Amino acid sequence: MRHHLRQSTTGHTVQISASTFLERHATLPQLTDKESNTLVNYVARKLRGTHLDDNGWPNTEIVDSMKEDAIFANLTPIADAIWMACTTWDQKKGKLGDTTSRMECNPRQRTNSEVSGGSMMADAQFILTHSTTPKPRPTSHRTDTANKAGGGEFKKYTSERAQNEDQLVGGVAHMLHNDPARRFVIAFTIEGVEMRFWYFSRSHIAVSEAFDYHKNPKYFIRFVIFMTFADVIDLGYDPTVTRIRDENTDIQYVFEVNGKFYRSVRSLDESSARDVVTRATRVWAARECDPITKEFISEHEVVVKDVWLYTGAQGEKAIQDEIYSGLRVLDEKIQAGVPLEELGLRSLPPNSMTVEEYAKPFFMEILADEVVRYTREDVVYDDCAPAPDPYDKEFSYAAFPKQASALQGIVPGTTRSRHVRGKTPPKDAVPDRVHAHQGRTHRRIVFNDCCLTLYDVANNYVDYIVAILQLLEGLNCLRLAGFVHRDISPGNCLVLKTSGRNQVKISDLEYARRYDVDSSQLAPLTGTPGFMAVEYQKRHHSFLPQKNRHNSPPPEFETLSYSTVLAQALSDTPSLPDEIDPLGSTWFRFNFLHDVESVLWLYCWLLFNTIPKSIQDSVSTEDLNHLVDYKELLFRLSLVPTNERYNFVGQQAEYRTARGVLDPIYTQVPYGASLINGLKVFEDLVGFYTTVEASEPIATTASFMWDRKEFSPDSYLKLQVSFMKVLQALRASKEDMATVALHRPSSAVKRPAEEPPAPIASDGRNAKRPRTMASIEPDQPQASSSKDPLAWVKANKPARKGKKKVQSK
C-alpha cells in the first residue's frame, strides 16, 4: 500500500458484516425495509435464467485461461439488467425516482482529474447520469473523476487481495483529494468469488466481511440498486459546492458560506486532503460572487478554508473570540490598577492602546465560520462524518503487516460509548477496544485577508527573521490571554504584505486551547512533527529536578487498571474523571514554552533548508550532502524524535555537530556566522525550561501544571533581542539576503539500505512543505540514529569534490 496512505488507514478501519454495511451505508431512504426487500426479491426473479442461476452469476465464473478484465466485464450487463428490472418495478410503485448513476467496467479508461497527480483508472465505475462538472474541454473525451460516484476493483484470485486493497485505497484517496464536493465514497472489491463493500469518510473507513457473491447474490443486487438510484447526497456529494469554468477553461468552485457565495480564484493548499481519514484542510483564494450568475461582485480577495474538525471541537471564530475575551479581562484588570507584574506584563502597549487592540493585528480577521449544512425535503442537516460503532472489529489490511492500532484508548471527552444502530448491547459485552478517533464535522471559514505563508518568505533571510520577531510577539499576546496554540509551523504563520510593512498573522487556531484547562493524555499529538517541541513529542518534561518528577499517576489512581477504567467509561454513571490516562506513564501538559520552541525550530529550518543565493555555485556537493543528511535527521517525518533532534535542545555536543555541518557553507558569506550564532537561542530555551520546571507544580485531575506567572514575558523579550542581533548583522553586511531552496545534489552518495532517507512529502506550489500529521499517533517507535549522523558520508567521501548548482526558487 502507498506509504503516505498508511497513517490514514492503519487503525482507522473497521470491519462489519455485509448486512450491517448495507443497513448503515447503502439504504435508500425512499424505500421502507419491506419495500427494499420486495424490490431485491423481484430483481432476483427477473434475472433468473439470463444472468443468475442456482450457482450464482455464471457469466463471471473464474476461468484460469481467461483474463481478469474479460471475466468481470460481464458485471456491466448484470448491472444493466438490475437497472432494467428496477425501472419495470418502479413503473407501478413510483418510489425509486430518477437514475443517478450507471455501472461500467472499463479498466483501461482513465478519468480527468482536477488536482495535480494525473488521472486515475479503476476496474469498475459508477458514472453519474447528470454531470457535476461544466462542459468538458473540447480536447478531452475522458470522464471526469468528479462524476465517478463510486468504484470497484477486482482480481481473479484471493491471493491478490493485497494488490486489490492497494489499488482501491489509492484510487479512493485520489477521488476524495480531486473533488472538494466529496464527503465520502462507497466502493467494492472482488477477489475470486469473495466480495467486500467499502465506505471511506474523513472519520473512518468501514469494510464488510468477505462473502461469496455467487452464494449471496442479493447482497450484490441491493448494492447495485443503491448506487444506481440513491440521491447524490447519499452517494457522498456536497450540494453546497458547485463548479464553473473560468476564462481559461479551468475548474473553479463556488462555496456557500453564511448566506454569501464565494468563487475560488486559485488553490492555496490542498495537501492535507490527499489522505482519507484526516482533517482534509483545503484553502483557496476567492472573491464574492453572484449566487445566480456566479460572476464576481467584489474585487477583494478573501480566503476560504474547508476543514473536517472533530465533532464537538470549537471553530476558529469561537476560539479567537475566547482569546479576545481573555485579553479584555486583562485590560479590565489593568484599569482596576492591578500591578503589571502580576498580570504577566512588562509594560503597557504603545499609543494608549489596550492589550486587545495591540494583539488583534497578529490574528486573522474572520468574516464567517460555520458548520456546512445542506437542506433535504425542507429539513436542514449538519454535514458530519459519524464515528464508527465502538463494537465494530478492527480490520487489518493484507497490503501491509498489522501495526499498532490508533484505536487504543478511550475517546477524549466522552464518558460512555454509543451504539450507532440504537441497539443496547448486553451488559457483559465489553469491546476489545474503544475507538480513539471521533466523528468529524464539516466546517468552512472565510478570512478577510489573503496572505503568504512563512514558506513563501523563506527566500529572504531578513523578511523571514522579521516574521519570527513578530511571531514571538504574537505568541506573547496569546500567553497573556492564557492560550497555547499547539500547532506552530510555517504553514500556520502567515505574512500579510502591505504597502507599509509585513504583518505576521497566527492562523489555524483549531487546536488552540486554554493552558489552565485539563487535557486528556489520550488526545493525539497535534501539529507538524518537524516543528513540535521535543518535550511534546516525547510526552515528557525533560528538565524537571528530581524532586518534581511526577511521572506516575497521583496516588488515588495508582490502583486503577485499564479494565476498571474501561468499564466505568462504558457505564451509565461513570465515577471516574474523563481525562485520566490509565495507560500513560507521563503526566504531561503542553505549555507556553512549547509554542516558543516551535518558533526556534522555524529558525533552524531556515538554516538547514536554504542556503545564500550568492554562493550557490561555490558550495561543494559534499557539503550539501552533509547539510541535507543532517536536515533529514532534525526534520524527519515522525512523531518520535530522533536522537539528534532530542539532543539539539540542551546538548552542547549536538550543537557542535550542527555547527560543523553549517560552517563550511555559511562562513562563505559575511553574515553567515551571525546566522549560525542565532542557534544559541536553544540555550536560552533550556534556561527557560529549567527555571519553570524547577518551580512547584500545581496538581490537577489529569496532570500537573505550573502557574502562569512562572512563564515570564522576559523569555519572549530575550529571544527577540537575540534575533534582533542577527537581524542587525544581516542589515549591516549590506549583502544580498536572497536564499535558494536546498535540494540533494543528483551526484550524492547513496545511503546504505538499512538507513533510508526519511521522506518529506510535497505537493503543488509548496514543494518544500512537510506534510502535516495532525492528530495521528506514531505506529512504531523509530530506531535510534547513529551517534555520528554523518558517519556514512565520511566513510563514502568522494575522491574528488564536485560542485553542483542549487536550484533557485
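Ser352 is found in the loop between helix 8 (316-335) and helix 9 (355-359) of this predicted model, where helices (H or I, at least four residues) and strands (E, at least two) are DSSP runs numbered from the N terminus. Ser352 has a positive phi of about 60° although it is not a glycine. Most residues other than glycine have a negative phi. With a relative accessible area of 76%, Ser352 is exposed; buried means under 20% relative accessible area, exposed over 50%, and partly exposed in between, with a 1.4 Å probe and protein chains only. Lys294, likewise not a glycine, has a positive phi of about 65°. Lys294 is found in the loop between strand 14 (282-288) and strand 15 (302-310), and is buried at a relative accessible area of 18%.

Residues are numbered from 1 along each chain as its sequence is written. In the predicted model, local features need pLDDT of at least 70 and side-chain atom pairs count only at pLDDT 80 or more, while totals for chains, interfaces and linings use all residues, and side-chain values use heavy atoms, with hydrogens and water left out.

Strand 1 (residues 13-16) is covered on both faces, with Thr13 and Gln15 buried on one side and Val14 and Ile16 buried on the other. Strand 1 pairs in the parallel sense with strand 9 (residues 205-208) over four bridges; two strands pair if DSSP finds at least two bridges between them. Within this pairing, Thr13 stands opposite Ile205 of strand 9. Strand 1 also pairs in the antiparallel sense with strand 20 (residues 393-394), over two bridges, and here Val14 stands opposite Glu394 of strand 20.

An open sheet of three strands has the order 22-24-25, with antiparallel pairing. Strand 22 (452-453) and strand 25 (502-506) stand at the edges with a single partner strand each, so one side of each is left without a neighbour in the sheet. Two bridges join strand 22 to strand 24 (residues 493-497) in the antiparallel sense, and the bridge partner of Thr453 in strand 24 is Leu494. Helix 10 (residues 461-480) lies across strand 24 and strand 25, running at about 45° to strand 25. Axes are lines fitted to C-alpha atoms, for helices over the stretch in contact, and angles run from 0 to 180 degrees between N-to-C directions.

Phe711 has its place in the loop between strand 29 (704-705) and helix 19 (713-733). Phe711 is buried, with a relative accessible area of 3%. Leaving aside residues up to four places away in sequence, Phe711 touches Arg479, Tyr515, Asn591, Phe592, Leu593, Val692 and Trp706, contact meaning heavy atoms within 4.5 Å. Phe711 and Leu480 are 231 residues apart in sequence, with a C-alpha to C-alpha distance of 10.0 Å.

Rings of Phe, Tyr and Trp (its six-membered ring) pair if their centres lie within 6.5 Å, with planes under 30 degrees apart counted as stacked, over 60 as edge-to-face and the rest as tilted. By this rule the count comes to 35 aromatic pairs. The ring centres of Phe197 and Phe223 are 4.5 Å apart and the planes are at 5°, so the pair is stacked. Phe197 lies in strand 8 (residues 194-201) and Phe223 in helix 7 (residues 217-229), so the pair ties together parts that are 26 residues apart in sequence. Phe197 counts as buried at 0% relative accessibility, and Phe223 is buried with a relative accessible area of 1%. In Trp601 and Phe648, the ring centres are 5.5 Å apart and the planes are at 40°, so this pair is tilted. This pair links distant parts of the chain, 47 residues apart, with Trp601 in helix 13 (residues 592-609) and Phe648 in helix 15 (residues 643-648). Both Trp601 and Phe648 are buried. Ring pairs also link Phe21, Phe126, Phe188, Phe197, Phe211, Tyr219 and Phe223 into a cluster.

A charge sits over a ring if NZ of Lys or CZ of Arg is within 6 Å of the ring centre and within 35 degrees of the ring normal. Arg263 lies over the face of Phe296, at 4.3 Å from the ring centre, and Lys538 lies over the face of Tyr646, at 4.7 Å from the ring centre.

Helix 14 (residues 621-634) is mostly covered, with 14 of its 14 residues buried.
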